[in-house]
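Biologist: I would like to learn how to read a model like this one. Please take me through it feature by feature.

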Amino acid sequence: MTHTKLRNILLPLVGVGVLAAPSMLGGTGSIYSAAVLIAIFAVMAYGLDVIVSDLGEVSLAHTVFFAAGCYTTALLSTRAGFDGWGTLAGTIVVALGLALLIGLVTLRLREFVFSLVTYAVGVVAVTLASNWQFLGGSDGLRGIPPLDMSFAGITLTASNDQELWPFAFALLTITVYLIDRFRHSRLGAAAIMTHLNPRLATMGGTDPARVRLQVFLFSAPISAAAGWLYAYQRAYVSADVLENYFLILMLTAVVLMGRRQLLGPLAAVALILAQEKFFSLGGYVDKIILGSVLVLILGFFPQGLMGLAKPLLGLFRGNRRPVSQPSISSFGDIK
Amino acid sequence: MNLTQQVINGLVLGHAYALIAIGWTLLLGVARLVNFGHGQMYMVGAFVTWWAVAKAGMPYALAVPVAMAVGALFGLVMQRMMLKATFEQNLVSIMIMTLGFGYVMHGAAALVFGSTGQILETSLSLYEVNMGDLWFTGQDAAIVVAAIVLFVGLKWVLDGTRIGRLVRMVAEDPKLAQLAGVNVRRVYYGVFSFEGAAVAFAAGMVAPRTPILTSMGFEEVIMTFVVVVFGGIGSVKGSYFAGVALGLFTALFGALVSPAYTTAAAFLVLIALLVLRPGGLTSGAAGAH
């Protein structure tokens, strides 16, 4: 059986398993809450994953896209009475606008200058969110109604975590599908080429600046969509959605299992949140654990946990692939 | 508003920014490394100084070197963890790792020192100089003097000593420097421990001006970034003047427009510069003087 066929069978099975997981694990409120948060934060991390893993840049502004989703949802639902579809559309439009603005400003910046500017965007966003009364200032925005995505006479609402779970799962599934399509698209290939050798990409007729902007525009709405659902899950939004926690969580999710692993961010977020929700050692110790995991993985296992598992899998496969033959997964250790 | 007083405030603030940025200037100029944990190292330096004075009963003059030693140790540990990535110039990993270190430091500082804000009072910060309507503290004067001495000293070390020559060689080309017999690993360790000690020194000097909180540090990173970029990446002299200019801008903007948005305003000026001169900034990356 070919790798693709096996994958096409396994992925739906994994999907069914994930959908049923909260129920099989007891179906308590805390289990559903953790499941919804895992899905939301995994989607948030997938947005950053394409920037770090495919484009090879470290965007530190993705918390801003996440927060933009939260705030847009809060504003449109509480002040304009939009339903879930309207707030989702608004979230995507705002995320695209912000991504275009940040993308154009940072178009010719690379490496640490790009990262520093995006980090600064995050700090400015915290200042704005904390002080601007339009965004609720330090009090934030409260009273977000339950998610309502009813259409054509079909009632689709969610007022607690158990009811939110199918929506979170659907958002996660769509995101994973989009990431997979992206990696098999011309834009995905151009992103990798721009990352590995911009000069070669240019010789091949690719405009690196254009590719970078397009990938940025692709990734921002994904992280923002996570913010959209997070606003409904919490029912209020404040400047804490821009906290460094979300940035560190996203980055750890991207590198923990290894870069360019389709289900890597999901598995990583599940591991991290399981520790925080069910084996927590207190907020401060959890911070130390999360930060240490990030440092240790990159310092000693730059190919992530899957990189550790690869030699073991090789034993079972009998190492049929010649050593010199490159594989797509070898992009996992690209800089 | 007293304009002269705001200029004095701006000069003090500017020297504080320059002092906070000096370690990063060398780090970026020599090793082409960035440290997103810089702000948290500043926070730890401030807390260690406070702890040494308020809890361990040390004199302030001893507390600052203690904080510097802790900062240098942190720098060494960070560099040890990032050594492989440093040699590979894997900036993506380095940037993410330093963010991780910052996060660990944040959690550890909150665990050790608590989340309550602290005030560090020194005999210098309690000593006020009044000249008519104008005033400043002894701590303000000490910050200005310390910044000037440190910048002049660093410039002299880089330009006029054997250590400086080795550091400049590594900045120019680490691989060729290694072939020429330079212990590049030791230079990297030295640079990162200098970064840790320098930011802890800056924290020990500047922290008496503000409440010490575990949440501080983010603004310091941004201001450091603005100083380093404005000054020309890796330029010691440039960083000094950029720091002073940024301090004046911040003080005047805070007084004339809004103190809440000073960081945002400084950043917008930086963005304007980046848009106007995108190539000119990165092209000056090499060279640490």
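Modeller: Start with the elements: helices (H or I, at least four residues) and strands (E, at least two) are DSSP runs, numbered from the N terminus. Ala61(B), for example, is found in helix α3 of chain B. This is a predicted model, in which local features need pLDDT of at least 70, side-chain atom pairs count only at pLDDT 80 or more, and totals for chains, interfaces and linings use all residues. Residues are numbered from 1 along each chain as its sequence is written, while chains are lettered from A and ligands numbered from 1 in the order in which they are written.

Biologist: Is Ala61(B) buried or exposed?

Modeller: A residue is buried if 20 or more other C-beta atoms, placed from the backbone, lie within 10 Å of its own, exposed if 12 or fewer, and partly exposed in between. Ala61(B) is exposed, because 10 other C-beta atoms lie within 10 Å. In space, Ala61(B) is 9.6 Å from Thr122(B), C-alpha to C-alpha, although 61 residues separate the two in sequence.

Biologist: How far should helix α4 of chain B span?

Modeller: The expected span of a helix is 1.5 Å times one less than its number of residues. Helix α4 of chain B (residues 91-113) has 23 residues, so 33 Å should be spanned; the end C-alpha atoms are 32 Å apart, which agrees. Of the 23 residues in α4(B), 20 are buried. Gly114(B) follows α4(B) and has a positive phi, near 80°.

Biologist: What does helix α10 of chain A reach from its first C-alpha to its last?

Modeller: Helix α10 (residues 244-256) of chain A reaches 18 Å with 13 residues, close to the 18 Å expected. In α10(A), 12 of the 13 residues are buried, among them Asn244(A), Phe246(A) and Thr252(A). Just after α10(A) comes Gly258(A), with a positive phi of about 120°.

Biologist: How many residues does the contact take from each chain?

Modeller: Two residues are in contact if their C-beta atoms, placed from the backbone, lie within 7 Å. Chain B contributes 37 residues and chain A 36 residues. On the side of chain B that touches chain A, α4(B) gives the most, with 16 residues. By class, that side has 28 nonpolar, 7 polar and 2 charged residues. Here Ala, Val, Leu, Ile, Met, Phe, Trp, Tyr, Cys and Pro count as nonpolar, Asp, Glu, Lys and Arg as charged, and the others, Gly among them, as polar.

Biologist: How do strands β1 and β2 of chain B run?

Modeller: Two strands pair if DSSP finds at least two bridges between them. In chain B, 4 bridges join β1 (residues 128-131) to β2 (residues 134-137), and the strands run antiparallel. Asn130(B) has Trp135(B) in β2(B) as its bridge partner. The hairpin has 2 residues between the strands, and Gly132(B) takes a positive phi near 70° there.

Biologist: Which element of chain B has the lowest mean pLDDT?

Modeller: pLDDT is the predictor's confidence in each residue, from 0 to 100. Among the elements of chain B, α13(B) has the lowest mean (46) and helix α2 (residues 38-55) the highest (94). Chain B averages 87, and 95% of the residues score at least 70. Over residues 279-289 of chain B, pLDDT stays under 50. The model scores ipTM 0.84 and pTM 0.86.
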